[in-house]
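Hi everyone, and thanks for coming.

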Amino acid sequence: MDVQTEHELIEELLALKASKSTFLDPDVRRNPVDRYTSPDRFALERERIFKRLPTTVAHVSEISSPGDFVRREVHGVPLLITRNKAGEVNAFVNVCRHRGTRLVDDEAGCRHRFSCPYHAWTYASSGELIGAPHFDAGFPEVDRASLSLKRVACSVRFGFVWVMLSDEATDSFDRYFKGIADDLEALGLGDAVVVGQVTQKRRANWKILVEGGIEAYHFRIAHKSTIGPHFEDNLSSYRMFGPHMRSILPRTSMAKLSPETRSDWRLRDHANVLYTLFPTTQLLVQQDHVAWIRQEPVSPGESILKLVLLAPQGAAEDTAHWARNLEITRTTLDEDFDIGESIQSGLMSGANDDMLFGRFEGALGAFNDTVDRYAA
Ligand code: FES
Ligand SMILES: [Fe+2]
């Protein structure tokens, strides 16, 4: 984000606070409860949203050298992400082409050959089948070259490895991120490193977990013992960039900024900046690091959440600082996700027909409009 935009966003929020107002959408919105509970709806979202749109699977620092690999499970598909001898990043389905055994069990490591635990068919880090015992006798007329690992489309951008599972991707990667790409490049996450991470399974629909981060209406109540007192009450703004959202959640320190020091204003010192990169990647920009949050939708009522802290390489050695930071972020998100589970069970009870979004919760309506547009 350029400095001028940062200053305009700060001024917009300061003006709202001065007039004791909030960032209001035109209308109250209702979102039907079955959007969060219906297996049919979830199946539709899986086919039309999760499989067709880019999602983050690794930070580049996790596979920085030739031979590095990580294993992932993404929207029901087992993946192997490798960096080959030429330094290129590849994404493959982690399934042996012989009789379907999971090829790699290790979560991460460094090697250029992957040998299947069943009959030792062996693949290179660039996917080719390079060894198979007794192949010529057992598989005459089978073209070895057709037995490379199944490739999945992947891109390395903004410091992350992204995959698109379906061949029917709805858009090119560049067009999909047009509008928000400059902001993401400016974060400089390609030079960051992982300084902490935690994964947890939650009994809540993935959209509930996203929605919990994009409004400030709940801050002073749900986070009263943690971050609530440091943030303005029910004040936030958002802007859409195609399907993606940039939310600004101001800290109380923003109101103390003086116009005389305007040239020194830095948005991330006085607000949480949250990028919701549709559908399942969020980047929470904080003063000295970025929290990468990824939802892995499992079923209508279950999601796996991964929280990864990314910090500048030069600061990575302060392990006590990052352990503290991880604990604070995790505790705060736990408050959100505990409530997310409570909401999910409330919706399942049938008590309400709709989710009700107030005018200052407009970001939730905008997010759900995006979901509906892609699911249609
Ligand atoms: S299933 Fe992998 S070698 Fe047979
Ligand atoms: Fe929250």
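Let's start at Lys 20, which comes just after helix H1 and has a positive phi of about 50°. Helices here are DSSP runs of H or I with at least four residues, strands are runs of E with at least two, and both are numbered from the N terminus.

A quick word on what you are looking at. This is a predicted model, where local features need pLDDT of at least 70, side-chain atom pairs count only at pLDDT 80 or more, and totals for chains, interfaces and linings use all residues. Residues are numbered from 1 along each chain as its sequence is written, chains are lettered from A and ligands numbered from 1 in the order in which they are written, and side-chain values use heavy atoms, with hydrogens and water left out.

Back to H1 itself, which covers residues 3-18. Its 16 residues reach 22 Å from first C-alpha to last, close to the 22 Å expected at 1.5 Å a residue; that expected span is 1.5 Å times one less than the number of residues.

Which residues of H1 are buried? They are Thr 5, Glu 6, His 7, Leu 9, Ile 10, Leu 13 and Leu 16. Buried means under 20% relative accessible area, exposed means over 50%, and partly exposed is in between, using a 1.4 Å probe and protein chains only. These buried residues pack against strand E13 (237-241), strand E14 (244-250) and helix H9 (267-270), where contact means heavy atoms within 4.5 Å.

Now the metal. What coordinates the iron ion (ligand 2)? His 218 (NE2), His 223 (NE2) and two OD atoms of Asp 336 do, at 2.0 to 2.5 Å. Donors are N, O and S atoms within 2.8 Å of the metal (3.2 Å for Na, K and Ca), and water is not among the atoms, so sites may look incomplete. Along the chain, the donors follow the spacing H-x4-H-x112-D. The angles among the four donor atoms run from 57 to 151°, and the site is irregular.

Next, some backbone details. Most residues other than glycine have a negative phi, and most peptide bonds are trans. His 75, in the loop between strand E3 (68-74) and strand E4 (77-83), has a positive phi near 50°. His 75 counts as buried because its relative accessibility is 1%. Glu 141 also has a positive phi, near 70°, but Glu 141 counts as exposed because its relative accessibility is 85%. And a cis peptide bond, with omega about 5°, joins Phe 278 and Pro 279; Pro 279 is in the loop between strand E15 (271-277) and strand E16 (281-285).

Finally, helix H10, residues 319-348, holds Asn 325. Asn 325 is buried, with a relative accessible area of 14%. Leaving out residues up to four places away in sequence, Asn 325 touches Asp 288, His 289 and Leu 309. After H10 comes Gly 350, with a positive phi near 85°.

Methods. Tetrahedral: all angles 85-135°; square planar, octahedral: opposite > 155°, others 65-115°.
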